[in-house]
Amino acid sequence: MARRRHTKRRRRRGGFGFLYKLLSVLVICAAILTAMTLFFRVDNIVVTGQKRYTAEEIQAASGVKSGANMYLLNKYDIVRSITRELPYIEDIRVNRKLPDTLLIEVHESGRPFALVQDGSAWLISAGGKIVDQLPEREAGQYGRISGCQLLAPSVGTTLALATEYASQQSSLLDLLNALENAGLTENVDGIRLDELSYLKMDYIGRFTVRIAYGADYEWELKKLTLTLADEKIQSNMTGTIDLRLKSEEVFIIPGER
């Protein structure tokens, strides 16, 4: 009997010990949360990478106010807010620098292309995002995308072509991205999708370049660059450059565009 009472007391002491440990953990967690709330507040917002927009515009678009808690901020909400308000921004990185600084690094789209439709010039970035809507008369300063039709265009949305151009859409987006990565966007006067078997690119004001749909555009642009660097290509030469051959060879038709 005495042994049974001793066992019960030991169990009660064990139960109290568990509750004490649990309470201690909760108190410590509450203390840590309180410290984070009180001390880690946003006093500085540092913006880098901007060109078109000012740091103040990006800060305002982020929706982050001075004094906001660093750890309660939702990075994804910040990114969505900035890209919605400032469409030329395509990539954003948000990081915390303790104790009080929020770092916002942005990457803005380069020179967009214009697709004219219904009296408007819709500007499309290399990332395939519609970044602006201008009057048709202002499209001349941009490379033109033609031979296709946009589906319900709206600034800030991703490029979507009408259903009948679905097969051309992925190739167009891949080409735009490859041009941006290669630093060749400024050389392109136009991209034409009116042919069903290949796309045509008007290049440096002198050549029409034929490229197959679904090609490895990074590689095709390297071939194009090497071809134009050849000493056989004179500075006044015009014509058509066909990159559709399976090998590394390039077919050139002088004078024909």
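Among contacts in the protein chain between residues at least 6 apart in sequence, what percentage join residues at least 24 apart? The figure is 50%. Keep that in mind as you click through this predicted model.

**Whole chain.** Select the protein chain. Five helices and 12 strands make it up in secondary-structure terms. The chain has 257 residues, and 37% of them count as buried. The accessible area comes to about 15300 Å². Carbon and sulfur atoms account for 53% of that area.

**Background for the next stops.** Most peptide bonds are trans, and most residues other than glycine have a negative phi.

**Stop 1: proline 99.** Select leucine 98 and proline 99. The peptide bond joining them is cis, with omega about 15 degrees. Proline 99 sits in the loop between strand S2 (89–97) and strand S3 (101–108).

**Stop 2: aspartate 118.** Move on to the loop between strand S4 (113–117) and strand S5 (120–124), where aspartate 118 lies. Check its backbone. Aspartate 118 is not a glycine, yet its phi is positive, about 55 degrees. Is aspartate 118 buried or exposed? Aspartate 118 counts as exposed because its relative accessibility is 74%, and the cut-off for exposed is over 50%.

**Stop 3: alanine 152.** Next, select alanine 152. Look for it in the loop that runs between strand S7 (143–146) and helix H4 (166–182). Alanine 152 also has a positive phi, about 45 degrees, although it is not a glycine. Its relative accessibility is 66%, so alanine 152 counts as exposed.

Terms used. Residues are numbered from 1 along each chain as its sequence is written. This is a predicted model: local features need pLDDT of at least 70, side-chain atom pairs count only at pLDDT 80 or more; totals for chains, interfaces and linings use all residues. Side-chain values use heavy atoms; hydrogens and water are left out. Helices (H or I, at least four residues) and strands (E, at least two) are DSSP runs, numbered from the N terminus. Buried means under 20% relative accessible area, exposed over 50%, partly exposed in between (1.4 Å probe, protein chains only). Contact means heavy atoms within 4.5 Å. Accessible areas come from the Shrake-Rupley method with a 1.4 Å probe; for residues, only the protein chains shown count as cover.
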